[in-house]
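Subject: Structure for your review

Dear colleague,

Please find below the structure I am handing over to you. My findings follow it.

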Amino acid sequence: MSFEYTEITDPLYVDNKEQTGEDDYIMVRAKECGDVPISIPNWQPAAHCYTTRFHRHEKELLEMEVFPDDVWVASYPKSGTTWCQEMVWLICNDLNFEAARAESLRTRFPFVDVSLIHDAQMNSFERVRNTARPRFIKTHLPVSMLPKQYWTVKPKTVYVKRNPKSVAVSYYHHSRGIFYRGTIDTFVRSFIREHQFYSPYHAHVIEYHELRDCSNILHLAYEDMKRDLPAVVRKVCQFFGKSYSEPQLAELCEHLSFRSMRENKACNYEDQSNVPREAGERFMRKGELASWKQELTSEQIKMLDQWTVANTPNIEHRKLFE
Ligand code: PPS
C-alpha cells in the first residue's frame with residue numbers, strides 16, 4: 001500500500017481557510033489495497049481529508065505492528081466513539097469501574113491516528129507503540145488506511161456509525177471548541193464537499209459496512225445505543241465472550257448514561273488544558289438522537305439529505321443513514 005496526495009482546490013476551502021482556521025488540509029488516497037477483504041466489486045478507495053502532517057507519519061501508519069489481543073474501536077468522528085470506547089473498555093476489563101475512573105480514557109484507549117491531523121503532545125503512533133498489551137486503540141481511519149498488519153492479524157474491532165445530520169452538528173461544535181472559526185453554514189457546506197477530517201463520510205460508513213463478513217468486526221449504531229443501551233451492551237459482551245449478571249449490567253448502563261459520562265472526568269475530555277474551548281462547548285455536548293432538528297436550518301437539512309441520496313446509489317446503503 002502507498003499514498004497519493006492531492007491539494008484541495010475547492011474555492012470554499014481555499015477562500016475561507018484562513019478565516020475558518022482550516023490550515024494545511026490535504027486529500028490522501030490509499031493505493032494498492034488488495035489485502036482489504038471488502039465486498040465492493042472493483043473497489044477504488046476514495047481520497048480522505050487530513051492535514052499535511054500525514055506525510056510525516058505515513059511510514060509509521062503503514063508499518064504499525066498489530067497484535068491479536070488488540071481491541072480497536074473505529075468510527076467516523078463524532079459518531080459515539082468515546083461512548084463505545086468506555087463500554088468496550090469496561091466489558092473487556094471485568095467492569096473495573098474504579099480503574100476506569102482513575103485513568104483518563106485517552107490513556108487507557110489512545111487515539112492512534114491523531115498525529116495525522118493535530119500536533120499531539122506525543123506522537124500518537126509512538127504512544128500506541130509504548131502502550132502495554134492488551135492494547136485498546138481508537139481510530140477514525142477509513143478501511144483503506146488501516147495498517148497492513150491489521151488484515152492478517154484481524155484484532156477484534158467495534159465500528160460505530162451515526163446519522164449524518166447529527167454528525168454534522170456535533171462535528172461543527174467539536175471543531176469550534178478547538179480551532180474552527182467559521183459559521184455552522186460554512187461548516188455544513190464544507191462537510192458536504194468532503195473537506196472535513198476523515199471525509200468522505202458516506203464512503204467511511206459504507207466501506208466498513210462492506211466488511212460485514214469479517215468476524216472480527218462488530219457493527220454498532222449510536223441510535224441503537226440511545227434507544228436500547230442494554231441490548232447493545234449484551235451484544236458487545238457476546239462479541240468479547242464476556243458474561244455479567246443483570247445487576248452488573250445495570251450498573252454498567254448507568255455508568256454509560258450521558259448524565260454520568262458528562263460528569264466523569266476520566267472520559268469527558270475536560271482535562272485538556274492545552275485546548276482552548278469556546279465558552280459553553282463541552283465535549284459531552286447534548287448526547288441526543290436528533291438535536292439537529294433544532295440546530296440546522298431547513299435548507300441545511302435539505303442539502304444534507306440530497307447529499308446522502310447522491311452518495312447512496314445502492315438503496316441498501318441508503319438505509320445505513322436513516
Ligand atoms: S470524537 O471526538 O470523534 O471521538 O467524538 P465521539 O465520541 O465520536 O462523539 C461525541 C458525541 O457523542 C456524544 N456522547 C454521548 N451521547 C449519549 N450518551 C453518552 N454516554 C455519550 N457520550 C458521548 C457526545 O455528546 C457527542 O455528541 P453531541 O451530539 O455533540 O452531543
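Of the 322 residues in the protein chain, 38% count as buried. Please note that this is a predicted model.

Overall form

The protein chain contains 18 helices and 7 strands. Its radius of gyration is 19 Å, close to the 20 Å that the globule rule gives for 322 residues, so the chain is as compact as a globular protein of that length. The C-alpha trace spans about 55 × 45 × 45 Å along its principal axes. When contacts between residues at least 6 apart in sequence are considered, 75% of them join residues at least 24 apart.

The sheet and the helix across it

Three strands form an open sheet in the order β1-β2-β3, and their pairing is antiparallel. The edges are taken by β1 (2-6) and β3 (47-51); each has a single partner strand, so one side of each is left without a neighbour in the sheet. From one strand to the next, the twist averages 40°. Strand β2, residues 25-31, is joined to β3 by 5 bridges, and the two run antiparallel. Within this pairing, I26 has Y50 of β3 as its bridge partner. Helix α3, residues 53-63, lies across β1, β2 and β3 and runs at about 110° to β3.

An enclosed helix

Among the buried residues of α11 are Y201, H204, E207 and H209. The elements that cover the buried residues of α11 include the strands β4 (71-75), β6 (156-161) and β7 (217-221). The helices α9, α17 (298-310) and α18 (315-318) are also among the elements that cover them.

The surroundings of the ligand

Which residues come nearest to the ligand? Of the 20 residues around the ligand, they are T81, T82, S170, R285 and G287. Three helices, α4 (81-92), α9 (164-178) and α15 (258-263), each supply at least two residues of the shell. Helix α9 provides the largest share, with 4 residues. Sorted by class, the shell has 6 nonpolar, 11 polar and 3 charged residues.

Two individual residues

C84 lies in helix α4. Is C84 buried or exposed? It counts as buried, because it has 25 C-beta neighbours inside 10 Å, against a cut-off of 20 or more. Leaving aside residues up to four places away in sequence, C84 touches V73, V158, V160 and L220. By contrast, C84 and D24 are 60 residues apart in sequence and 30 Å apart in space, C-alpha to C-alpha.

M284 is placed in the loop between α15 and α16 (292-295). With 18 C-beta neighbours inside 10 Å, M284 counts as partly exposed. Apart from residues up to four places away in sequence, M284 touches F258, M261, R262 and N268. M284 and W83 are 201 residues apart along the chain, and their C-alpha atoms are separated by 9.8 Å.

Yours sincerely

Definitions and conventions: Residues are numbered from 1 along each chain as its sequence is written. This is a predicted model: local features need pLDDT of at least 70, side-chain atom pairs count only at pLDDT 80 or more; totals for chains, interfaces and linings use all residues. A residue is near a molecule or strand if its C-beta atom, placed from the backbone, lies within 6 Å of it. Ala, Val, Leu, Ile, Met, Phe, Trp, Tyr, Cys and Pro count as nonpolar, Asp, Glu, Lys and Arg as charged, and the others, Gly among them, as polar. A residue is buried if 20 or more other C-beta atoms lie within 10 Å of its own, exposed if 12 or fewer, and partly exposed in between; C-beta atoms are placed from the backbone. Two residues are in contact if their C-beta atoms, placed from the backbone, lie within 7 Å. Two strands pair if DSSP finds at least two bridges between them. Axes are lines fitted to C-alpha atoms, for helices over the stretch in contact, and angles run from 0 to 180 degrees between N-to-C directions. The radius of gyration is taken over C-alpha atoms; the globule rule is 2.2 Å times the number of residues to the power 0.38.
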